[in-house]
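Hi everyone, thanks for making time today. Let me put the sequence and the structure up for you.

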Amino acid sequence: MTRPVAFLVNRFPNPSETFVADQIRALLEKGLEVEVWSRRSGAGRLPIEWDRPGFTLRRAPRGLSEPLAAVRLGVSGWRELRRHPPSIASAWSVGTRAGAHGDAPDYALVVAHFGPQGLDALDLRRLGRLEGPLAVVFHGFDMSTFIEREGEDVYQELFEEARHLLPISERWRKRLLQLGAPAERIGIHRMGVDLQAFDYEPRRWSRGEALRLVSVARLVEKKGLQIAIPAVAELAKEVPDLSWDVIGDGPMKDELAELASRYRAPVVFHGARPHDEVRKRLAAAHLLLAPSLTASTGDQEGIPVALMEAMASGLPIVTTRHSGIPELVRPGTGRMADEGKVDALLAELRAALDDAKYGRWPDILAKARARVAEEFDQAVWNERLFELVRGSA
């Protein structure tokens, strides 16, 4: 196989989208060449690990003006521009970068992570900047907020042109069908975790011991930390030696800090931390808290990878019945509350501690690890992606 694989992403590298980097590594290890087309620069300098044979990162400097783009796209393209400016604008930028490299590259497969990047791929085709079969992975906001903002027909051309439509959950598969996507091109493609990277160490906890909670999340509304703060504050009255580490950054940082101060919740906001440090804090914790909910904008999760990592490593979880989470957290593998309800979340936190008290954690944690191995083993899904590449080439 001589043609490379392309990934279209919003930002690379992106600490909150480790699944993209994991897929790229897997294909590189198979001996494939991979090129990443990124709308925006990643966080800081590109790590040295990506200075390797077979890998190319193409940045997207701003380029074509709107009038020039209108000429190249034609009247229909100009109308599309007025309707979806974020997608088209990013396509101009990447298109100018492609032009600097000569004729349109022909890829064995173009993998677009998130629906808007799939639209970018269509724009690049119209500009004559990119060739190759297209696979689009649908995650969360692109199936919720983006559709509400742009309209339910936003992906119609994508449905016609993409060879593979890859929702990460059964929930989003059904939504794609509702939107008119052809069933024969839809296939669930889970985001998973590397089971070999997580030692299985079932946690233990007894009344009277210090209790360490942890959350790994961007500080945005859909992560539900604003609901968790009063619940944890109340639990701390019953478990005095309780601490809660929140790892992640985001626009709600100040608001959440003020809320925690008001409720006197024993929480420390650590900000974004390197992955190795995140793993150490997860290893030291007794319980992972992931209280996701539907944001006021309609934004929803896919299935948080942090939940998979916790379940793979023997860390009990308390989460919510939100989006695709129930597809991962089956009965007997963790605690789930109705989303957005403080009392319900507090009740499940108490129930999780009762599970520890009455010796139920070993069975719950074993079932949780088995659940991840059953359907969320990253190695299996990376192999399926490789087969898609081979089948498309």
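What we have here is a predicted model, where local features need pLDDT of at least 70 and side-chain atom pairs count only at pLDDT 80 or more, while totals for chains, interfaces and linings use all residues. Residues are numbered from 1 along each chain as its sequence is written, and side-chain values use heavy atoms, with hydrogens and water left out.

The chain has 15 helices and twelve strands; these are DSSP runs, helices being H or I with at least four residues and strands E with at least two, numbered from the N terminus. Of its 393 residues, 56% are buried, meaning under 20% relative accessible area with a 1.4 Å probe, protein chains only.

Now, the strands. S1 (residues 5–12) and S2 (residues 34–41) run parallel, joined by seven bridges. Val-9, for instance, has Ser-38 in S2 as its bridge partner. Between S1 and S2 the chain passes through helix H1 (residues 18–29), a right-handed β-α-β crossover: with the strands pointing away from the viewer, the path from the first strand over the helix to the second runs clockwise. S2 also pairs with S3 (residues 55–58), again parallel, over four bridges; pairing takes at least two DSSP bridges. There, Glu-35 is the bridge partner of Thr-56 in S3.

And how covered is S2? Six of its eight residues are buried.

Lastly, which residues does Ile-24 touch, beyond neighbours within four places in sequence? Its contacts (heavy atoms within 4.5 Å) are Phe-7, Phe-12, Val-34, Val-36, Trp-50 and Phe-55.

Methods. Buried < 20%, exposed > 50% of the residue type's maximum accessible area, 1.4 Å probe, protein only.
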